[in-house]
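Let's walk through this complex together, one question at a time. Have the coordinates open and follow along.

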Amino acid sequence: MNDATQDFVFIALQTNDDTRSIIEAIANDNPNAQINRYPAMVKIDAPGRLVVRRSSVEELIGRAFDLRELHVNLISLSGNIDESDDEFVLHWNKN
Amino acid sequence: MQVDIKTTSVTQLRNTFSHVARRLGSDKAASRYQEATFDLQSTANFHYRPLWQPELALYDIRRTQIEMKDWYAFRDPRQYYYGSYTMARARQQEVVEKNIEFVEKRGLLRDLSEMQRSALIFALVPLRHVEWGANLNNCYITAYGYGTAITQATMFHAMDRLGLAQYLSRIGLQLDGNRGDSLAKGHVLWLEHAAWQDLRRLVERLMVTKDWFELFVAQNLVLDGLLHPLIFQHHERRVSAEHGPALSLLTEFMTNWFNESARWVDATIKTAAAESPANEALLCGWIVDYRKAANEALAPYASAAFGHDADTALAQIDAAFETRVAKLGLEPADEAV
């Protein structure tokens with residue numbers, strides 16, 4: 001794996017009504033993220049770091065959201081995961 | 001032979017309905033809530049005037065003094081449409097049923113002393129008539145209100161109130177061992193006991209309030225905003241301090257429901273007030289009137305249920321209500337006292 005690909009983290013979600021707001025929240029919180037729409041899948045690439053914020057998703061869906069609900073529609077992801085109640089962060093550990 | 005597997009992707013031409021796209025500003029994917037809300041109510045081509053009110057159309061914005069440029073500004077922060085509403089309530093109902101079963105199996109309320117049981121019947125069971133009144137009032141708002149954004153939410157709210165009335169009846173049945181005398185007794189208390197008459201008068205006054213937005217303020221903001229905290233927070237805390245948390249298991253839904261609905265009620269009032277100073281003045285006037293009326297109506301009930309602590313309890317809920325109204329950007333508080 002070369003440096004260029006290593007710099008990117010991604011998260012891929014199924015395309016459905018549940019993920020639409022999650023994707024919108026990710027797009028708002030990560031201005032550098034690139035959103036690629038495929039048939040039945042949305043893959044979001046971001047350089048270095050990507051964050052899913054509970055508060056941003058909650059604002060869009062109008063109810064309490066548990067970040068673990070993400071996994072129901074998760075296809076794949078890359079990066080080291082740092083998960084708390086408020087944020088789900090993908091990033092690469094750099095030494 | 002070599003087989004190449006290729007994916008073909010079909011992109012849809014339009015992401016949502018045109019009327020929704022016009023509201024969103026562009027044709028982007030809309031949420032179910034938006035698609036199930038925006039511009040659903042008919043606005044034109046009414047062939048006949050209603051016989052019972054020929055001066056107005058079937059759906060008419062003139063049934064309230066509140067004026068809005070866009071009646072679909074009343075977004076529900078909970079984003080309830082039929083699907084999400086029924087699923088949310090079904091989940092909550094499962095919890096309530098489990099709690100009722102728990103209390104039933106152990107006879108937690110049935111085994112209280114005669115005196116304690118009749119105190120609980122006095123404080124809670126007649127309340128089911130108040131909730132039924134709230135159901136009727138929200139049905140009225142749904143029938144005469146304007147725009148799906150608010151009328152669908154008030155219809156859900158009406159159903160919620162019927163549910164609350166039923167849960168209160170279930171508490172009564174827990175107290176009388178499923179015989180049903182507590183309900184009959186509650187009915188008599190509601191019709192005859194002095195402590196309930198002022199509240200009954202207020203509920204009946206709301207039933208004949210013509211302006212549907214005034215009714216929304218009076219019922220959903222003011223009366224509920226004072227009555228629910230008094231009973232399901234203050235009274236419940238008192239009861240569980242004396243007899244343990246059996247009752248709290250049965251009123252947990254009411255407490256959660258109140259906090260959830262308050263978000264929607266607050267958002268609705270805030271939207272109407274932000275529209276124009278004229279709306280704000282109307283809202284402030286109604287809040288002052290009904291806050292006074294509700295506080296007076298609750299006083300005899302509170303002194304019967306709380307004894308010496310009645311004034312403290314009433315003062316606390318009124319102060320909490322004042323803070324809530326101030327947060328909405330309305331300032332009717334000073335004139336009220």
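Q: How many helices and strands does chain A have, and in what pattern do they follow along the sequence?
A: This is a predicted model, and in it chain A has three helices and seven strands. Read along the sequence, these elements give the pattern α-β-α-β-β-β-α-β-β-β.

Q: Why can chain A be called as compact as a globular protein of its length?
A: For 95 residues the globule rule gives 12 Å. The radius of gyration of chain A is close to that value, so the chain is as compact as a globular protein of that length, at 13 Å.

Q: What share of the residues in chain A is buried?
A: A residue counts as buried if 20 or more other C-beta atoms lie within 10 Å of its own. The C-alpha atoms of chain A fill a box of roughly 40 × 30 × 25 Å along the principal axes. Of the 95 residues in the chain, the buried share is 21%.

Q: What percentage of the contacts in chain A with a separation of 6 or more comes from residues 24 or more positions apart?
A: Start from the contacts in chain A with a separation of 6 or more. Keep those between residues 24 or more positions apart, and the percentage is 62%.

Q: Which residue in the turn between β2(A) and β3(A) has a positive phi?
A: Strand β2 (residues 34-38) and strand β3 (residues 41-47) of chain A run antiparallel and are joined by five bridges. Across this pairing, Ile35(A) stands opposite Ile44(A). The two strands form a hairpin with two residues between them, and the turn residue with a positive phi, about 65 degrees, is Ala40(A).

Q: Which helix of chain A gives the most to the side that touches chain B?
A: Seven residues of chain A are in contact with eight residues of chain B. The residues on the chain A side divide into two nonpolar, two polar and three charged. With three residues, the element that gives the most is helix α2 (residues 17-29) of chain A.

Q: What ipTM does the predictor give the complex?
A: Chain B averages a pLDDT of 93, and 98% of the residues score at least 70. For the complex, the predictor gives a pTM of 0.89 and an ipTM of 0.74.

Conventions:
Residues numbered from 1 in each chain as written. Chains lettered and ligands numbered in written order. Predicted model: local features only at pLDDT ≥ 70, side-chain atom pairs only at ≥ 80, totals over all residues. Helix = DSSP H or I, 4+ residues; strand = E, 2+ residues; numbered from the N terminus. Rg over C-alpha atoms; globule rule 2.2 N^0.38 Å. Buried ≥ 20, exposed ≤ 12 C-beta atoms within 10 Å, placed from the backbone. Contact = placed C-beta atoms within 7 Å. pLDDT = per-residue confidence, 0-100. Pairing = 2+ DSSP bridges. Nonpolar A, V, L, I, M, F, W, Y, C, P; charged D, E, K, R; others polar.
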